[in-house]
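Subject: Structure handover

Hello,

Here is the structure for your files. Please open it next to this message and read the notes below with it.

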Amino acid sequence: MRKTIDPSLQLDMTDKARFNHKMKMLALFILPVAYLAIISAVIVHEIVGHGLVTALLGGKFSGFGILVDGMGWAMIDLSGMETMNQVLVLLAGAFFTNSV
């Protein structure tokens with residue numbers, strides 16, 4: 001016995017295929033945009049948050065680095081700074097990340 005496919009189900013499968021295609025295209029757009037947003041946030045966190053605040057409070061900012069996975073670091077020298085200024089430099093990264 002041969003089964004026949006109901007035409008309404010065929011249309012439904014076409015709609016599912018269109019939906020899947022649209023979701024794939026959306027993911028291909030969103031993933032790069034999200035990645036660039038993460039990298040931008042890390043740059044702001046390291047340069048403005050730690051680097052600029054370090055320079056303003058009397059420390060030395062030598063540069064920063066970012067890995068492909070979004071991890072970053074600021075090369076700062078806090079050795080000549082008061083303890084409260086050191087705490088402000090460390091908190092500034094989170095502050096500027098959340099401000100942007």
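How many salt bridges does the structure hold? The structure holds one, a salt bridge being a side-chain nitrogen of Lys or Arg within 4 Å of a carboxyl oxygen of Asp or Glu.

Before the details, a word on the source. This is a predicted model, in which local features need pLDDT of at least 70 and side-chain atom pairs count only at pLDDT 80 or more, while totals for chains, interfaces and linings use all residues. Residues are numbered from 1 along each chain as its sequence is written, and side-chain values use heavy atoms, with hydrogens and water left out.

Overall layout

The protein has two helices and two strands, in the order α-β-β-α along the sequence. Helices (H or I, at least four residues) and strands (E, at least two) are DSSP runs, numbered from the N terminus. Of the 100 residues in the protein, 17% are buried. Buried means under 20% relative accessible area, exposed over 50%, and partly exposed in between, with a 1.4 Å probe and protein chains only. Among contacts (heavy atoms within 4.5 Å) between residues at least 6 apart in sequence, 49% join residues at least 24 apart.

The salt bridge

The partners are aspartate 15 and arginine 18, whose closest N and O atoms are 3.8 Å apart. They sit three residues apart in helix α1, so about one helical turn separates them. Aspartate 15 is partly exposed, at 36% relative accessible area, whereas arginine 18 is exposed, at 51%.

The hairpin

Strand β1 (residues 60-66) and strand β2 (residues 72-77) run antiparallel and are joined by six bridges. Two strands pair if DSSP finds at least two bridges between them. Phenylalanine 61 has isoleucine 76 in β2 as its bridge partner. Serine 62 lies in β1 and is exposed, with a relative accessible area of 52%. Its C-alpha is 5.3 Å from that of methionine 75, although serine 62 and methionine 75 are 13 residues apart in sequence.

Five residues lie between the strands of this hairpin, and glycine 70 has a positive phi near 95 degrees. Is glycine 70 buried or exposed? Glycine 70 counts as buried because its relative accessibility is 9%. Leaving aside neighbours within four places in sequence, glycine 70 is in contact with Ile39 and Val42. Glycine 70 and isoleucine 39 are 31 residues apart in sequence, but their C-alpha atoms are 5.8 Å apart.

Core and surface

In soluble globular proteins, nonpolar side chains tend to be buried together. Here the largest nonpolar core has five residues: Val53, Leu78, Met81, Val89 and Ala92. Such a core is a set of buried Ala, Val, Leu, Ile, Met, Phe, Trp, Tyr and Cys residues joined through side-chain atoms within 4.5 Å. Not counting residues up to four places away in sequence, valine 53 touches Val48, Leu88, Val89, Ala92 and Phe96.There is also a nonpolar surface patch of about 650 Å², made by Leu52, Leu56, Leu57, Met84, Val87, Leu88 and Leu91. The elements giving two or more residues to the patch are α1 (7-56) and α2 (83-99). Patches use residues with over 30% relative accessible area and no salt bridge, joining like charges within 9 Å and nonpolar side chains (Val, Leu, Ile, Met, Phe, Trp, Tyr) within 5 Å. Areas come from the Shrake-Rupley method with a 1.4 Å probe; for residues, only the protein chains shown count as cover.

Regards
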